[in-house]
Amino acid sequence: MRKLWIGLTYLVFFLLIAAPLGKMTAGAFSQGPAGLWNALVRPEALHALMMTGFVVVVVTLLNTLFGIMLALYLVRARWIGRRLKGLLNSIVDLPYAVSPVIGGLMIVLLLGPDSALGALFEGIGLKIVYAFPGMVIATLFVTFPLMVREIMPVLQEIGSQQEEAASTLGAYGWTTFWKVTWPSIRWAAMYGVILTVARSLGEFGAVLVVSGNIMNKTQTATTLVYQDVENFNVTAAGGVALVLAAFSVGLLLLMEWTKRRKGVH
């Protein structure tokens, strides 16, 4: 019976991961290495990969900063009432319950050109929806829980005794954070960063709705793959997807290393 379950596990792994990855790789090289290279150096592919990189960098920076701050507030802040903390905890988990497409639609309805806020921002020359800021907001919406949920358990586990002792000895807030809190949460933060990068690279639904998928303007790597598939351009779609898959594998290896380090510290 045990051998049967092990065999079924390998079969599921092959059907869900190995076979699609092999098929994608074969499609990427269907016209040889030259065809793959041409697919990757297309102007639209280069722009989409560059746009994806920009979104990932900005979202990761914002998510790290505000995610750590919110985790500290939810665990350490005594001036926030229990009910308000419960509400904030629920809001943090909202992206888990809401489809990314619905999240993108909410952003369009709230900040789109036909909304009051959208018109206000466009009046001062700042376009949100169908532009880079909207893509960042959409990606930030789906990735925001990742950092908070990595930091909070660590803060709860280490307690606040050392931080209180540092404050008693006269350390300022920033000094206490960098000297006492940060060494305890740095590996959890690193793990959250990796999760954020991986999720940002693969985000599709929310970005598709918010960006409008405008070629050479608001197109990311995932939406370009979608367009290539729609146009039956298998080599081009497979080439860009292969680049994303390679980054994902690298992130997976880094994630496993960080997980071990997080367990040690």
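This is a predicted model: local features need pLDDT of at least 70, side-chain atom pairs count only at pLDDT 80 or more; totals for chains, interfaces and linings use all residues.
## Nonpolar cores

The largest nonpolar core holds 19 residues. Val-197, Leu-201, Leu-224, Val-225, Val-240 and Leu-251 have the most contacts inside this core. Two or more residues each come from α2 (32–40), α3 (43–76), α10 (173–202), α12 (221–230) and α13 (234–264). The largest share, six residues, is given by α13.

Leu-251 is in contact with Ile-194, Val-197, Ala-198 and Leu-201, once its neighbours within four places in sequence are left aside. Another core lies apart from the largest one and has 17 residues. Its members include Ile-68, Leu-70, Leu-155 and Phe-177.

## Packing of α3 and α4

Helix α4 covers residues 82–92 and packs with α3 at an angle of about 145 degrees. The axes of the two helices are 10 Å apart, and the crossing is left-handed.

On the α3 side, Leu-70, Tyr-73, Leu-74 and Val-75 make the contact.

## Thr-60

Thr-60 is located in helix α3. Its relative accessibility is 10%, so Thr-60 counts as buried, the cut-off being under 20%.

Not counting residues up to four places away in sequence, Thr-60 touches Val-193, Thr-196 and Val-197. Val-197 is also among the residues with the most contacts inside the largest nonpolar core, and Val-197 is one of the residues in contact with Leu-251.

Notes: Residues are numbered from 1 along each chain as its sequence is written. Side-chain values use heavy atoms; hydrogens and water are left out. A nonpolar core is a set of buried Ala, Val, Leu, Ile, Met, Phe, Trp, Tyr and Cys residues joined through side-chain atoms within 4.5 Å. Buried means under 20% relative accessible area, exposed over 50%, partly exposed in between (1.4 Å probe, protein chains only). Helices (H or I, at least four residues) and strands (E, at least two) are DSSP runs, numbered from the N terminus. Contact means heavy atoms within 4.5 Å. Axes are lines fitted to C-alpha atoms, for helices over the stretch in contact, and angles run from 0 to 180 degrees between N-to-C directions. A crossing is left-handed if the near helix is turned anticlockwise from the far one by less than a right angle, and right-handed if clockwise.
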